[in-house]
Amino acid sequence: MYYLSAPLFFPPVFEANPRGILAIGGDLSPERLQLAYKSGIFPWFEEGEPIIWWSPNPRMVLFLDELIVSKSMRNILNRNIFKVTFNLNFRAVISNCQKIKRDGQNGTWITNNMIEAYCKLNELGIAKSVEVWQDNQLVGGLYGIDLGNIFCGESMFSTVSNASKVAFVALVNQLKTANYDLLDCQVYNSHLESLGCREIDREEFMSILNVFKK
């Protein structure tokens, strides 16, 4: 287990423990966050905890051509119930992601410091959002880190049924149009699996990431 201090450094990801924890400490500066994501690492911790840096094995990803859009979701998309925008109100999206309660979680891992750190990345054009609107109200969305050919999804929210799925599908379609090859979803959950995401070995993920970095 590595304890980070002021120097901008991360250990190799293969030194993560079996849970995927690689290091503790450091800060949420734009420089460290950019280095983390480019190195296959992301922060994940709750209020009151030190910053915990993860590189899980296996890694949950979506190869864009494997997106699953159900018949019912196609019907919703075709009816134009929602309006989708990109990077229009990042702060509102991440703030809603913080507020939405999730099953199995007592609190949120999106602390106020995390919000400010990712809003700085948004100002730098690195963190981006998708917004879903209904009757001019923000009802869903997601945000993540844009590495150029990989988009690292961080969190999504929905206040009405299907809004987060609409955001997810819209993001994937945009990434495909822009010739991205991968959507990083970090860790497994059944909702992501239903959309076509699957787990791959960390070694494979790092190989893809390193190719895209060149």
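Salt bridges and a helix pair in a predicted model

Author: In this predicted model, Arg91 and Glu116 are joined through their side chains by a salt bridge, with an N to O distance of 2.9 Å.

Reader: How should I read the arrangement of helix 3 and helix 4, and at what angle do their axes cross?

Author: The axes of the two helices come within 10 Å and cross at roughly 155°. Because angles over 145 degrees count as roughly antiparallel, helix 3 and helix 4 are described as roughly antiparallel to each other. The crossing in which helix 3 passes helix 4 is right-handed.

Reader: Which residues make the contact between helix 3 and helix 4, and how many of them are nonpolar, polar or charged?

Author: From helix 3 the contact is made by Phe90, Arg91, Ile94, Ser95 and Gln98, while helix 4 contributes Asn112, Met114, Ile115, Glu116, Tyr118, Cys119 and Asn122. Sorted by class, the contact of helix 3 with helix 4 has six nonpolar, four polar and two charged residues.

Reader: How many salt bridges does the model have by this rule?

Author: The rule asks for a side-chain nitrogen of Lys or Arg within 4 Å of a carboxyl oxygen of Asp or Glu, and the count comes to six salt bridges. One of them is formed by the side chains of Arg198 and Glu66, at 2.8 Å from N to O. This pair links distant parts of the chain, 132 residues apart, with Arg198 in strand 11 (residues 198-200) and Glu66 in the loop between strand 5 (59-63) and helix 2 (71-78). Arg198 is partly exposed at 36% relative accessibility, and Glu66 is partly exposed at 32%.

Reader: What about Asp27 and Arg32, and is Arg32 buried or exposed?

Author: The side chains of Asp27 and Arg32 meet in a salt bridge of 3.1 Å, N to O. Arg32, at 0% relative accessibility, counts as buried, whereas Asp27 is partly exposed, with a relative accessible area of 29%.

Definitions and conventions
Residues are numbered from 1 along each chain as its sequence is written. This is a predicted model: local features need pLDDT of at least 70, side-chain atom pairs count only at pLDDT 80 or more; totals for chains, interfaces and linings use all residues. Side-chain values use heavy atoms; hydrogens and water are left out. Buried means under 20% relative accessible area, exposed over 50%, partly exposed in between (1.4 Å probe, protein chains only). Helices (H or I, at least four residues) and strands (E, at least two) are DSSP runs, numbered from the N terminus. Axes are lines fitted to C-alpha atoms, for helices over the stretch in contact, and angles run from 0 to 180 degrees between N-to-C directions. Angles under 35 degrees count as roughly parallel, over 145 as roughly antiparallel, 65 to 115 as roughly perpendicular and the rest as oblique. A crossing is left-handed if the near helix is turned anticlockwise from the far one by less than a right angle, and right-handed if clockwise. Contact means heavy atoms within 4.5 Å. Ala, Val, Leu, Ile, Met, Phe, Trp, Tyr, Cys and Pro count as nonpolar, Asp, Glu, Lys and Arg as charged, and the others, Gly among them, as polar.
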